[in-house]
Amino acid sequence: MVQQKQYLAHLWRWLAILLIGVMVIVGHPVQAASLPQDTVGNHYTVGLDDTSAPMGFRDATGELVGFDIDLAKAVAKLYDWELTFQPVDWSVKETELKAGTIDMIWNGYGITPEREQQVLLSEPYVSDSQVIVVPKDSPIHELSDLKGKRLALQSGSTAADYMKQWPQEIRNGLAGEPIRYQDNNQVLADVQAKRVDAAYLGEFYVRYILAKRGTLAQYRLITDPNAVEQMGVGLRKGDTELKQAIDAGIQELKANGTYQAIESRWFGASAMVNTESQPLLQRILPSLLEGLQLTVILFVLTLVLSLPLGLVLGMIRTFGPTFIRSLLNLYIFIMRGTPLMLQLMVVFFGLPFIGLSLPRFVAALLALVCNYAAYFAEIFRGGYQAVPSGQYESLWVLGIPRFRGFRRIILPQVLRTVFPSIGNEIISLIKDTSLVYVIGLGELLRADPLPRTARPHFSPTWLLAHCIYC
């Protein structure tokens, strides 16, 4: 045992150097990313929900289109702005705006008293109504008929805000709390599958979607008379000059007829035509390949960085000095004891408040590497402890050089022991890449252009993606 400690004391010095090198590699893009990346001169990043047709969504080719997309581009053309459209998780859109990861929320953003307290809003430029969507044969004809019924809506939407204004007897009469989904497609899919009795959505979205699918006649739309939604552009509180420019730009577009042309394109009779005649595979394949590309890149980079880092951390955790081992114990406890989704949100949304703003991909990669390095460290620690102490003593007695002995004798035994556990973690990593949607990255499970207007909750794409994952 004494010989083992002497052997490892020399090894520890080199491991410390190696650990510093790995940390530099992992941390290098983080330092580069600390520069502002969302607003440079006349460059602005627009946050949107890319499933919110017809305001902003992806067509069959995966391109972002919609009324608000065209309107924003037209305003940008007046001022020679460069816009980047960034899909975000709609439930944290204000958080993204305050953190500086986006500069505007421009995607059917309803003006409500709650939002006026959080953000600076432009002047209204279009109005929408909230509607209750039910099957044609449903007994629901007005709000009071919702008693004892199940309701679905989008989390963080204006529908959720307007529902708070319903009479208390209606809200309390629902069959439990409303079911909240990340996007409107999932809300409407629940009504279609009859898992809920009704959905509470914006009328623009419902009419456009159902018309495109040719199923508008199969549903009844019940307008909420007290939920007329004025829409505006959400900005940070201090961006008064940007607000004035947007307001003036929209007025200019209305004066020269551009606004009316955009409105006719997305809300006119020609827009409300069933266009879903394209074969299913042809519609979903481009978006699947695009999402798969990000998933594979994120998976490979995370694995390449976290495996060697876990190897080194596991070695230090087993043989290193007591103080360093204590710090690693705390790090591993936090990484393994908190949800990965929470870690993603802390890295992306939390770091900007201390002056470190990371691009979305770098934030996702950093969170995944830190998380999986902790798991791999514990796996490798078990592998090191599984090697009999006599193996280390034999290396010292036989005079085998430290690193050659470790590389040729110790490490192969460790790898043979840990391979099954590492395989399990690799499978988990493939599936965990789907969590990056919370910071606006469009990975495989989020890619599905059916054509982003009719995606069922358990669509063929969803099933195909899971087959690929598993």
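Ground rules come before the tour. The model is predicted, so local features need pLDDT of at least 70, side-chain atom pairs count only at pLDDT 80 or more, and totals for chains, interfaces and linings use all residues. Residues are numbered from 1 along each chain as its sequence is written, and side-chain values use heavy atoms, with hydrogens and water left out.

Let me start with the chain as a whole. It has 17 helices and 12 strands. Those are DSSP runs, numbered from the N terminus: helices are H or I with at least four residues, strands are E with at least two. Of the 470 residues, 52% count as buried. Buried means under 20% relative accessible area, exposed means over 50%, and partly exposed is in between, with a 1.4 Å probe and protein chains only. Now contacts, meaning heavy atoms within 4.5 Å. Take the contacts with a separation of 6 or more: 78% of them are between residues 24 or more positions apart.

Next, helix packing. How do helix 2 and helix 9 pack? Their axes are 9 Å apart, at an angle of about 105°. Axes here are lines fitted to C-alpha atoms, for helices over the stretch in contact, and angles run from 0 to 180 degrees between N-to-C directions. Helix 2 and helix 9 are therefore roughly perpendicular to each other. On the cut-offs, 65 to 115 degrees is roughly perpendicular, under 35 is roughly parallel, over 145 is roughly antiparallel, and the rest is oblique. Helix 2 brings Leu 71, Ala 74, Val 75, Leu 78 and Tyr 79 to the contact, and helix 9 brings Ala 245, Ile 246, Ala 248, Gly 249, Ile 250, Glu 252 and Leu 253. By class, that is 10 nonpolar, 1 polar and 1 charged residues. Nonpolar covers Ala, Val, Leu, Ile, Met, Phe, Trp, Tyr, Cys and Pro; charged covers Asp, Glu, Lys and Arg; the others, Gly among them, are polar.

Helix 9, residues 240-256, also meets helix 10, residues 258-267. Their axes come within 4 Å and cross at roughly 85°. So this pair, helix 9 and helix 10, is roughly perpendicular too. Leu 253, Lys 254 and Asn 256 of helix 9 touch Thr 258, Tyr 259 and Gln 260 of helix 10. The class count is 2 nonpolar, 3 polar and 1 charged.

The structure holds 5 cavities of 30 Å³ or more. A cavity is a set of points, on a 1 Å grid over the protein atoms alone, where a 1.4 Å probe fits but cannot get out; lining residues have an atom within 4 Å of a point. Grid points are joined across faces, edges and corners, and a volume is the space filled by probe spheres set on the points.

The largest cavity has a volume of about 230 Å³. Which residues are closest to its centre? Of the 22 lining residues, they are Ser 52, Gly 108, Thr 158, Asn 184 and Glu 229. Elements giving two or more residues to the lining include strand 6, strand 8, helix 5 and helix 8. Strand 11 gives the largest share, 3 residues. By class, the lining has 9 nonpolar, 9 polar and 4 charged residues.

Helix 8 deserves a slide. It is mostly covered, with 9 of its 11 residues buried. Among them are Glu 203, Phe 204, Tyr 205 and Lys 212. Just after helix 8, Gly 214 takes a positive phi of about 75°.

Strand 8 holds Ser 129. Is Ser 129 buried or exposed? Buried, at a relative accessible area of 17%. Beyond its neighbours within four places in sequence, Ser 129 contacts Leu 201, Gly 202, Glu 203, Thr 223, Ala 227 and Val 228. Pro 225 sits in strand 12. Ser 129 and Pro 225 are 96 residues apart in sequence, yet 7.9 Å apart in space, C-alpha to C-alpha. Pro 225 counts as exposed, at 64% relative accessibility.

Last, backbone details. Ala 53 and Pro 54 are joined by a cis peptide bond, omega about 0°. Pro 54 is in the loop between strand 2 and strand 3. Asp 80 is not a glycine, but has a positive phi of about 60°. Its loop runs between helix 2 and strand 5, and Asp 80 is exposed at 64%. Lys 194 also has a positive phi of about 60°. Lys 194 lies between helix 7 and strand 11, in a loop, and is exposed at 57%.

Definitions and conventions:
1 Å grid on protein atoms, 1.4 Å probe; cavity = no way out; pocket = protein on both sides within 12 Å on 5 of 7 lines; lining within 4 Å.
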